[in-house]
Structures are given as C-alpha cells and as structure tokens.
Amino acid sequence: MSLRIYQVDAFTDIVFGGNPAAVMPLDTWLPDRVLQDLAAENNLAETAFFVPEGQEGYRLRWFTPTTEVDLCGHATLASGFVIMTILRPGTERVEFATQVAGTLAVTKSGDLFTLDFPSRPAEPAPDDFDQVKADITAALGGAPPADILVARDYMVIYDDAASVAGLRPDFSALGRLDRAVLVTAPGTDVDFVSRFFAPGHGIPEDPVTGSTHCTLTPYWAERLGKTELSARQLSARGGQLKLRLAGDRVLISGTAVLYLEGTVYL
C-alpha cells in the first residue's frame with residue numbers, strides 16, 4: 001500500500017518557520033493503530049488525516065506522536081492548503097467534519113488561509129487551586145504569573161512579553177500536570193504573545209498553536225476592547241496570526257508553505 005504525504009509549514013511564509021504538520025489524504029480510514037503509528041513515525045506535533053465525505057467535504061482527524069487530539073489549528077490550515085493548492089487548485093473554501101469540534105471551514109483569499117473555529121473561553125481557576133498554581137509556576141521556571149485561568153489548557157498570564165520569552169520550563173514537571181500549559185502576555189508590536197507546552201501529549205513546546213487561540217482570542221478581545229487582533233507565538237521557529245472574534249467563533253488567519261511531498265509505503 002502507498003499513501004501520499006505532504007509536510008507543510010503553517011502560520012509562516014518561509015520554509016523552516018511556523019509549525020510543521022504532516023498531511024496524509026486517505027481514500028478510506030485505516031485502523032487507528034496504523035494512524036497512530038504513522039503519526040509517531042512522522043514525529044511532528046500533528047499529523048492530519050482526512051477522507052472525502054459528502055459531495056465536496058472531508059472528515060478530518062489529528063494525531064500527535066502519542067495520541068489523537070480533539071482540535072488542531074495548524075494541521076487544519078495545512079490540510080486546507082494541500083487541498084486548495086495541490087489536490088483541488090482554485091478551490092476557495094473547504095469544510096471538514098470532526099468528531100468533537102463540529103464542522104470546521106477553511107477559506108482562501110490570495111495567500112491567506114482562514115480557519116473558522118469554535119471559541120473556547122477560559123474560566124477562573126477553582127478555589128482549591130493553590131497547589132496546582134504553585135506546581136505550574138515552578139514548572140515554568142519564571143516569575144509568578146499575574147493570573148492563571150482554566151480552559152482545555154491552563155492559561156497562564158504574565159505582565160509582559162519578556163517574561164513569556166524568558167521562561168525556561170521543566171518539561172518533565174509540566175508533563176505531570178493534568179493539562180497542557182498556555183502562557184501569554186501583552187505584546188509590543190502585536191496585541192499579544194504566547195507559548196504553548198504539551199509534553200504530556202508528546203509536544204514539549206509547540207511552534208505555533210492555532211487551537212490555543214480559540215481561548216486566547218476571547219480573553220484578549222475583552223481585555224483590549226477590540227475584536228480584531230494580531231498575535232505572535234514566541235517559539236524558536238515563531239509564527240504570526242491574524243485573529244477576529246465573531247460571536248462564539250474565532251477566525252484564525254495565516255499563510256503556509258509546502259516543505260515536501262512524497263509517498264509512504266506500508
């Protein structure tokens with residue numbers, strides 16, 4: 001059996017920037033064990049698999065090297081990029097059905113791809129949170145944060161971008177937490193910055209994380225009093241995002257570039 005594979009750098013306009021994702025179109029689903037083995041072999045933050053569903057849509061799933069996840073932004077952008085520039089050039093909109101996140105649309109305008117994702121606002125931490133807060137603070141290796149909120153991930157808020165950039169996390173300690181950790185602060189030349197750590201899912205630090213902006217966008221929109229925002233993820237590779245809060249949806253925009261395409265033989 002042979003399978004097509006594409007590696008796309010998402011949320012960047014240069015190769016070796018942004019967040020790399022593997023994209024593997026399938027005619028029909030393979031066993032979950034095979035999908036997980038492929039993702040582990042690819043050894044990227046996410047591998048996206050999709051199969052045709054309906055007249056023009058697809059069903060989409062995402063796997064890290066160790067587990068399946070319920071939502072991934074950069075691999076969805078990469079999947080839309082592959083379909084709209086390689087498999088179906090000239091297409092300007094693709095819809096993906098997903099198990100948990102519902103239907104996700106990707107649209108293309110020029111070189112810009114926009115994801116239509118659900119908003120996932122964070123909530124205040126519970127009252128009995130002191131020990132978890134202490135564990136998070138110690139694991140991040142920086143000054144105490146201004147606040148910690150809870151969504152899918154722990155959202156740790158700092159006062160300035162330098163504090164976020166200067167973190168030296170203990171990945172083993174972070175991996176023992178019951179959630180991944182998202183850190184954020186106001187930006188200087190962008191509205192806000194962030195970093196994302198998920199060693200428990202096989203991703204010590206993710207280069208650019210689309211899904212975390214489903215939580216970051218409503219927070220910063222309320223705090224800054226604006227619905228259109230610019231963001232930068234302060235990983236080594238770095239990435240740029242344009243964001244818009246539209247009711248209970250978050251529109252996440254960025255560019256992408258193809259790094260490689262090839263064939264996998266099973």
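## Aromatic pairs and the F50 cluster

Rings of Phe, Tyr and Trp, the last taken by its six-membered ring, pair if their centres lie within 6.5 Å. In this predicted model, F50, Y58 and F96 form one aromatic cluster. A search of the whole structure finds 10 aromatic pairs.

One of them joins F50 and F96, whose ring centres are 6.1 Å apart; the planes stand at 50°, so the pair is tilted. F50 has 2% relative accessibility and counts as buried. F96, at 0% relative accessibility, is likewise classed as buried.

## The stacked pair F192 and W220

F192 and W220 form a stacked aromatic pair, with 5.6 Å centre to centre and 5° between the planes. Because F192 lies in strand β13 (residues 192-197) and W220 in helix α6 (residues 213-224), the pair ties together parts that are 28 residues apart in sequence.

F192 counts as buried, its relative accessibility being 0%. W220 is buried, with a relative accessible area of 0%.

## Arginine over aromatic faces

Two arginine placements concern the faces of aromatic rings. R61 lies over the face of W29, at 5.2 Å from the ring centre. R179 is positioned over the face of Y154, where the distance from the ring centre is 5.5 Å.

Methods:
Residues are numbered from 1 along each chain as its sequence is written. This is a predicted model: local features need pLDDT of at least 70, side-chain atom pairs count only at pLDDT 80 or more; totals for chains, interfaces and linings use all residues. Side-chain values use heavy atoms; hydrogens and water are left out. Rings of Phe, Tyr and Trp (its six-membered ring) pair if their centres lie within 6.5 Å; planes under 30 degrees apart count as stacked, over 60 as edge-to-face and the rest as tilted. Buried means under 20% relative accessible area, exposed over 50%, partly exposed in between (1.4 Å probe, protein chains only). Helices (H or I, at least four residues) and strands (E, at least two) are DSSP runs, numbered from the N terminus. A charge sits over a ring if NZ of Lys or CZ of Arg is within 6 Å of the ring centre and within 35 degrees of the ring normal.
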